Amino acid sequence: MQLTSEIFTSPAQAIRTGGGHLFWSGNISESLRNSIAEFGQSAPVLVYNGEHGPTLAAGSARLAVLAELGRPVLARMVEGEDAVSLGLLYLADNAHRPLDDAMRFKALQYFAPLLDEAALEQDVLPRLGVRARSKDARLLLDWLGLPEAWQRLLGSGTLPLAAGMVLARMNEADRDAVMPLFEGMTWSRSNAVNVLTCLYEAARMAGTPVAEVMERAGMPALLDQGLSPKDAIARLCAAARQARHPELTRLRERFDAAARTVTGGTAWKLVQPDNFETDGAELSVRVKDPAQLARAVEELRAVADNPAWKTVFNPGGGND
């Protein structure tokens, strides 16, 4: 396929806009709309002779804005097109756009039925800003093997790319069990990976399905409490973490309660910095002048004999 020197004007309605190669169409930036309204069309849209006349190859946002404004469209003809070359031309025409994982995966979904995996990795992914044989390349290719329902969540941006690492290790029943966690809420990379990993590992350790681990942890009930997405995700993560690390969670809860008792009403912060792999705790304070320092010293003297220190130093109780 190649660009020709044939440039012409056309009514916007005369250019057909169908085609899976327009995989990022639908989002029009306000800056583009304002630019065309003020200065006109600075670059032609690209079209080819389709079965029913001129058909858009690239430039869907420009075409849509010009149609809104009722203006004619400046178009440049391409020839020798096929499905792969149309997709590659669309990528080239949109090379200026910042990409996220959802956009990259939408593009990859278009090319997947047309090219083998080697061509996807060597030719398509680098055009999407992903190095061949990189971790992100492997993740994107692995997502192609996951069920369509999960692919839609990635494509919508509600689920991060890295979650595919754990989902690919789960069986279909386990994936079905965790699906409600991700419908209607947008998860960060760390939260999604952590909750999936905790549930998968807890199920493997107990020899039970993930659904049973979730039920024991009260996670389905959390989804029915009408919590905000932020609060729901925080509680779901805590429940999954407790299911995977029950003893560590117990230690953390006892330590945090004791730390609040010791430092309540003071400027001091008391933490266990290494997940109870060693004894002891870390005590810190931030001061900005001598008066605050003196007050912090007095506060430390006042809390030194608090009986909750015993739990701080031994949150496991009698289990030394």
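Which residues are linked with Arg33 in a network of salt bridges? Glu30 and Glu68 are the ones tied to Arg33 in that network. The close-ups below come from a predicted model.

View 1. Within it, arginine 33 and glutamate 30 meet side chain to side chain, at 3.1 Å from N to O. Both sit in helix α1 (residues 30-39), 3 residues apart, or about one turn. Arginine 33 is partly exposed at 22% relative accessible area, and glutamate 30 is partly exposed at 46%.

View 2. Arginine 138 pairs up with aspartate 142, with 3.2 Å between the closest N and O atoms. These two are 4 residues apart in α6 (residues 135-143), so about one helical turn separates them. Arginine 138 comes in at 36% relative accessible area, partly exposed; aspartate 142, at 34%, is also partly exposed.

View 3. Glutamate 298 and arginine 301 form a salt bridge at 2.6 Å, N to O, and they lie 3 residues apart in α15. Arginine 301 counts as exposed at 55%, while glutamate 298 is partly exposed at 47%. Together with Val287 and Val297, Leu293 makes a nonpolar surface patch of about 210 Å².

**View 4. Strand β4 and its partners.** β4 (residues 73-79) runs antiparallel to β1 (residues 2-10), with 6 bridges between them; one of the bridge pairs is threonine 9 with leucine 74. With β2 (residues 45-50), β4 pairs in parallel over 3 bridges, and leucine 46 has arginine 76 as its bridge partner.

Definitions and conventions. Residues are numbered from 1 along each chain as its sequence is written. This is a predicted model: local features need pLDDT of at least 70, side-chain atom pairs count only at pLDDT 80 or more; totals for chains, interfaces and linings use all residues. Side-chain values use heavy atoms; hydrogens and water are left out. Two strands pair if DSSP finds at least two bridges between them. Patches are made of residues with over 30% relative accessible area and no salt bridge: like charges are joined within 9 Å, nonpolar side chains (Val, Leu, Ile, Met, Phe, Trp, Tyr) within 5 Å. Accessible areas come from the Shrake-Rupley method with a 1.4 Å probe; for residues, only the protein chains shown count as cover. A salt bridge is a side-chain nitrogen of Lys or Arg within 4 Å of a carboxyl oxygen of Asp or Glu. Buried means under 20% relative accessible area, exposed over 50%, partly exposed in between (1.4 Å probe, protein chains only).
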